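Here is a short report for a reader who is new to this structure. Please look over the sequence and the model first.

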Amino acid sequence: MIRDVLKMGDPRLWRSAKPVEQFATPALHALIADLEDTMRHLDGAGLAAPQIGVDLRLVIFGVDRNVRYPEAEQVPWTVLINPVLTPLSSEVEEAWEGCLSVPGLRGWVPRWRHLRYTGFDASGRPIDRRVAGFHARVVQHECDHLDGILYPMRIKDFTRFGFVDQLFPDGGAGAAE
Ligand code: NI
């Protein structure tokens, strides 16, 4: 079921979400199905449970080869629960981000370039990956939602934060969430 996505300003987006304690339950599978329906409907690259008002540490993400963003790297379709993120170097990379909770805007956001993330899938099986670049960025963006952080809070240069049609009058809006 497609759910409403909360927008920046809604106090539920500022919460620190609670760990998932039971895996492979009907309620958990229903939540994941709703997140997937909502993300695909809005053509997003990821979505976090708090964005639909569910106070749990669960994110989904995934990017297929997309004709609209031919430069975007493929990111495997993933359900990530109770994630732990660890930067693997001090290297930081900046790129454009958007967010379904901040519609119509883009910002230039610094993120760790090299990242290890661990957590669990919907069945409780462990996930442990080392990634870089766009994949690492998507994971950091989504997991920030679990701690009440939206990407504008990470921006350093506010001359590179604005409306898509103003920043990119010729198109090419960068990666959406
Ligand atoms: Ni977001």
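The report below covers the model, its sheet and helices, its cores and its aromatic contacts.

## About the model

This is a predicted model, in which local features need pLDDT of at least 70 and side-chain atom pairs count only at pLDDT 80 or more, while totals for chains, interfaces and linings use all residues. Residues are numbered from 1 along each chain as its sequence is written, and side-chain values use heavy atoms, with hydrogens and water left out.

## The open sheet

Five strands make an open sheet in the order E1-E2-E3-E6-E7, and the pairing is antiparallel. Strands (E, at least two residues) and helices (H or I, at least four) are DSSP runs numbered from the N terminus. Two strands pair if DSSP finds at least two bridges between them. Strand E1 (46-48) and strand E7 (126-132) are the edge strands; each has a single partner strand, so one side of each has no neighbour in the sheet. On average, neighbouring strands are turned by 35° against each other, direction ignored.

Strand E6 (residues 114-120) runs antiparallel to E7, and 7 bridges join them.

## Helices across the strands

Helix H1 (residues 26-41) lies across E1, strand E2 (58-63) and strand E3 (75-87), at about 40° to E2. Helix H2 (residues 133-144) lies across E1, E2, E3, E6 and E7, at about 70° to E3. Axes are lines fitted to C-alpha atoms, for helices over the stretch in contact, and angles run from 0 to 180 degrees between N-to-C directions. Contact means heavy atoms within 4.5 Å.

The largest nonpolar core has 18 residues. A nonpolar core is a set of buried Ala, Val, Leu, Ile, Met, Phe, Trp, Tyr and Cys residues joined through side-chain atoms within 4.5 Å. Buried means under 20% relative accessible area, exposed over 50%, and partly exposed in between (1.4 Å probe, protein chains only). Val59, Phe61, Leu80, Leu115, Tyr117, Phe134 and Val139 touch the most other members. E2, E3, E6, E7 and H2 each supply at least two residues of this core. H2 gives the most, with 5 residues. Apart from this core lies another, of 17 residues, among them Ile32, Leu47, Ile60 and Ala122.

Strand E5 (residues 105-112) is mostly covered, with 7 of its 8 residues buried. E4 and E5 run antiparallel, joined by 6 bridges. Glu93 has Arg111 in E5 as its bridge partner. E5 also runs antiparallel to strand E8 (residues 161-163), through 3 bridges. Leu105 stands opposite Phe163 in E8.

## Aromatic contacts

The whole structure holds 6 aromatic pairs. Rings of Phe, Tyr and Trp (its six-membered ring) pair if their centres lie within 6.5 Å; planes under 30 degrees apart count as stacked, over 60 as edge-to-face and the rest as tilted. Trp96 and Phe168 have ring centres 5.0 Å apart and planes at 80°, so this pair is edge-to-face. Trp96 lies in strand E4 (residues 92-97) and Phe168 in the segment after helix H3 (164-167), so the pair ties together parts 72 residues apart in sequence. Both residues, Trp96 and Phe168, are buried. With Trp108, they form one aromatic cluster.

Arg160 lies over the face of Trp108, at 4.1 Å from the ring centre. The charged end of Arg40 sits over the ring of Trp77, 5.1 Å from its centre. Such a charge counts if NZ of Lys or CZ of Arg is within 6 Å of the ring centre and within 35 degrees of the ring normal.
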